[in-house]
Amino acid sequence: MTQTDSGRAVTRLADGAELPAPGRWQIDPGHTELAFIGRHFMLTKVRGRFTGLSGVIEVAETPGESTVAVTIDMVSVESGNQARDDHLRSADFFDVANHPAGAFTGRVPGWQGTRGVLAGELTLRGVTRPVTLAAGYLGYTADPWGGHRAVFTAAALSTGKTGA
């Protein structure tokens with residue numbers, strides 16, 4: 001995430017943890033990974049990622065009121081195999097001809113320290129479903145160009161389902 005407002009503090013202490021300052025933090029697509037693992041014939045794992053995405057994290061004064069909004073360019077799916085990528089883009093999977101973008105929106109009501117639960121909604125192929133992610137703040141750094149970078153992570157919580 002990047003922020004370019006150099007006139008104010010970029011981190012703060014909240015409940016004893018260093019966190020990013022309240023404000024709008026823009027997702028940096030060049031330093032962000034949106035990856036997935038799927039199953040081929042319910043057996044072998046297939047890894048892939050989306051290289052095109054944009055969005056923001058609105059860090060609130062009260063960390064548990066912070067929000068996330070991400071737009072995913074579904075055409076940008078990559079799995080390391082062109083034929084499989086074309087199939088993923090087809091109507092059998094992501095149907096990018098009719099649904100070129102996916103979206104995730106959420107908020108972190110269970111934030112404590114540098115970790116929390118990100119509860120949101122993921123929309124793919126025009127279908128919206130609830131998604132819960134384990135989220136964390138990993139730290140902050142200044143970049144050589146005068147920007148400020150906050151590093152976050154989020155991963156799907158296990159559903160306990162097998163074969164899915």
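1. Leaving aside residues up to four places away in sequence, D95 is in contact (heavy atoms within 4.5 Å) with L88, R89, S90 and R125. D95 sits in the loop between α1 (82-89) and β10 (101-107), where helices (H or I, at least four residues) and strands (E, at least two) are DSSP runs numbered from the N terminus.

2. The model is predicted, so that local features need pLDDT of at least 70 and side-chain atom pairs count only at pLDDT 80 or more, whereas totals for chains, interfaces and linings use all residues. Residues are numbered from 1 along each chain as its sequence is written, and side-chain values use heavy atoms, with hydrogens and water left out.

3. D95 is buried (under 20% relative accessible area, with exposed over 50% and partly exposed in between; 1.4 Å probe, protein chains only) and yet has no salt bridge, which would be a side-chain nitrogen of Lys or Arg within 4 Å of a carboxyl oxygen of Asp or Glu. The nearest side chain of opposite charge is R125, 4.4 Å away, with Lys and Arg counted as positive, Asp and Glu as negative, and His and the chain ends not counted.

4. In α1 the buried residues are D85, L88 and R89. Seen down the helix axis, these buried residues fall within an arc of 100° (taken from the directions from the axis to the C-beta atoms), so they line one face of α1. Their cover includes β5 (34-40) and β9 (77-78).
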